[in-house]
Amino acid sequence: MQPFPPVSVIGFLKATSRLLPLMALLSPLQVVAQPAGSGLVIEEITVTARRRAENLQEVPIAVTALSGDELRLRGAVDITEVAQSVPSVTLEPTRATNTTLTAFIRGVGQQDPLAGFEQGVALYLDDVYLARPQGVLLDLYDVERVEVLRGPQGTLYGRNAVGGAIKYVTRRLSDEFEVRLRGSYGLWNQSDLVGTVSVPVTDRFRLGATVASFNRDGFGDNLFTGGEQYDKDILGFRISAELEPVDNLLFRVAYDNTDDQSSAVAGWRPYPGGLTSIPSPQDVFDTNAAASTLPSTAGVNGNNQVESEGWMASVEWSNGDFLTLRSITSGREDYTESVIDFDSLPSNDFDAPVIYDNEQFSQEFQLLLDQDRWNLVLGLYYLDSEASNDFDVVLGQLIAGGLTAYTGGLVETSALSLFADFTYDLSESLSLSVGGRYTEDQRKADIFRANYLGVASPFFGNSSATRLAVNSDFEAERTFYDFSPRVNLSYAFSDDIQLYGSYSQGWKAGSFDPRGANFLTPAVEQGYDAEELDSWEFGVKSSWWDDRAITNVALFYSDYQDMQIPGSVGIDSDGDGVNDSFVGTVTNAAQARISGIEIEGNLLLSENLSARFTASFLDPSIEEWLVGGIDVSAQRAIQNTPEQMLFGGLSWNQPLAGGDLLLNANFSYKSEIQQFEIAAPDIDQDGYGLLNASIVWTSGDEQWRLGLHGKNLTDEEYRTAGYCFGAIGCPSSLGLENNTTVFYGPPLTAFGTVEYNF
């Protein structure tokens, strides 16, 4: 599929006035039949984007809410499917795993899961910030709703977020005994099972638990080992308790655990092996990778596993409708052993065993005041976290005996923030919000890198490895300070139309590159600087056609300063013309600008038929990027940010057999995506579209639900990530096998689902 022709933001804005009647569409909302005489209306959606329960249409920011029930009706499996229908959002698994997340919103995100690189998009699980991307690509179970806030979020949330925030809100426990069972079976031997129980022990004390198992055969095969590619083997559970000793006091505790034992994914090779001449597999989901069976990854036993767990304890006390006090305490940790086969061949030309080990503790206090004409959110947030990575880069064919570069890095973060947001109703129609956030962010790093003769380093069990050279060994510390403001002015022309304009600032502290070689480049010890984004936004939220239609439009302009862009390149340490090691690079790109328009809407065509549509048209550009005093911005682009995104869907409800039958079909389109800042045609993705459909029957008493879901019905092949270290079309090369590999999104899948609630 070819991309749509380029669309300039200015040109699109000129056409907006003529297109508004066609923008009446949106995904998360539902058709609701009201009593006779009242007609059809769109069901009101309640969100807590501003730390208080509000109608989505009254919140003067760009926010999308998807209910858990809506996601189940679509057959959504994990949180990446949210990106198909939410403007300006890209969510993808990070290369070799199922549960490490790469997230971008409005051109802001983070590609690399290494220690020291903090996410540009903040992910929250029940108001708990998840500091690391490992284990946070969440499967959708036990979810009440997912909220996506676009643009900087710092005056209302614990952790400052430059690009936006994604809130995963779990279900509250029921006052009645409940059991919910959901099973799925489909193509690729997909076999999922989710069981949930909620028990009211007393009128004021409730217990709950959910167990979820997600399994699937691989979309492809390992042609060398006989193993599977892109399979799924995930087991998760969550237990929680709620206590209300009195009406205005709530204690809530929860523990969750996820174990991902899916096979390591190796990318597809577009070229034959440079030395071995092994041809490319015919199927893009197949591979000849053998790193998991080679001595290069013996230090992790060829294992690929991501384990994550966390606990949360919250206390909420309110004094009527005026004062609310909250405390949110949390601890989380995750551990990853993974095998990265950069060459995707039976040879050990370019292999990497990897260990990530992360821990975090956070404490947040909130004070909320709510009066007739004003409300205040005041918060104090503390985060203490450690992120470490250890990995070998094994170049087994470069010299006799093999050459290994070991990297060990630990980055500690200690952050304290005070934030506030105050809203005052200047009149019945006009409201002003002002907010600010002060942050102290301390980073400590302990980095060691060395080259060894041999296959694997001593850290990964090779005691006979001979150290050749240490190219990085340092400890460093920096503290970053920032104040980020926010101003929002909204005006309600009527109950149906609201306009708002805002200015907000996002900020992310600097840190240290755990792959940097300070012996080669002493400036590595200074780390990289903080980044800052100034965002201006203007929006319109409207309901019309007797509340049968909703149109939300947001226009934004972002000025991005010192954007942090990590990467790694091969280097020739001995000057023989062949790269024999690598070095990490983190650049503070001087200036970038991102502007765009986002549209969301919903139209109730009849009691049975509804239509939905979302779109984003972005203009991302890097304005200045100095390398050695030369501006290379013309050869650079913003990663993972399609300029055009479209989503459209139709839903038909029809009474059937004492219940309701829902037919749903939707199509999403994303234009060309550049994976990294430098174009690489072999791993970048042209524009593509995905077609999905569902048939769901729900019994009249809502005890039974039967569904049939199809994803990517046209079997589109589309790239989601890649490694470009080959001799053709890559910024730099490493290894001798022309090592470019590409990862693909799921092919056509279909599955049936049975749910039973009692």
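Biologist: Which residue in β8 is the bridge partner of I105?
Modeller: This is a predicted model, in which local features need pLDDT of at least 70, side-chain atom pairs count only at pLDDT 80 or more, and totals for chains, interfaces and linings use all residues. Residues are numbered from 1 along each chain as its sequence is written, and side-chain values use heavy atoms, without hydrogens and water. Two bridges join strand β7 (residues 101–105) to β8, and the two run antiparallel; strands are DSSP runs of E with at least two residues, numbered from the N terminus. In β8, the bridge partner of I105 is V108.

Biologist: Which strands stand at the edges of this sheet?
Modeller: The sheet is open and antiparallel, with its three strands in the order β6-β7-β8; two strands pair if DSSP finds at least two bridges between them. Each edge strand has a single partner strand, so one side of it is left without a neighbour in the sheet. The edge strands are β6 (89–93) and β8 (108–109).

Biologist: What kind of pair do the rings of Y406 and F448 form?
Modeller: A search of the whole structure finds 27 aromatic pairs. Rings of Phe, Tyr and Trp (its six-membered ring) pair if their centres lie within 6.5 Å; planes under 30 degrees apart count as stacked, over 60 as edge-to-face and the rest as tilted. The centres of Y406 and F448 are 6.4 Å apart and their planes stand at 45°, so the pair is tilted.

Biologist: How many residues apart in sequence are the parts that Y406 and F448 tie together?
Modeller: Y406 lies in strand β24 (residues 403–425), and F448 lies in strand β25 (residues 430–453). The pair therefore ties together parts whose separation in sequence is 42 residues.

Biologist: Which hand does the link of C724 and C730 have?
Modeller: The sulfur atoms of C724 and C730 are 2.0 Å apart, and the two form a disulfide, the cut-off being a pair of cysteine sulfur atoms within 2.5 Å. C724 is buried at a relative accessible area of 11%, and C730 counts as buried at 17%. With -90° about the S-S bond, the link is left-handed.

Terms used
Helix = DSSP H or I, 4+ residues; strand = E, 2+ residues; numbered from the N terminus. Buried < 20%, exposed > 50% of the residue type's maximum accessible area, 1.4 Å probe, protein only.
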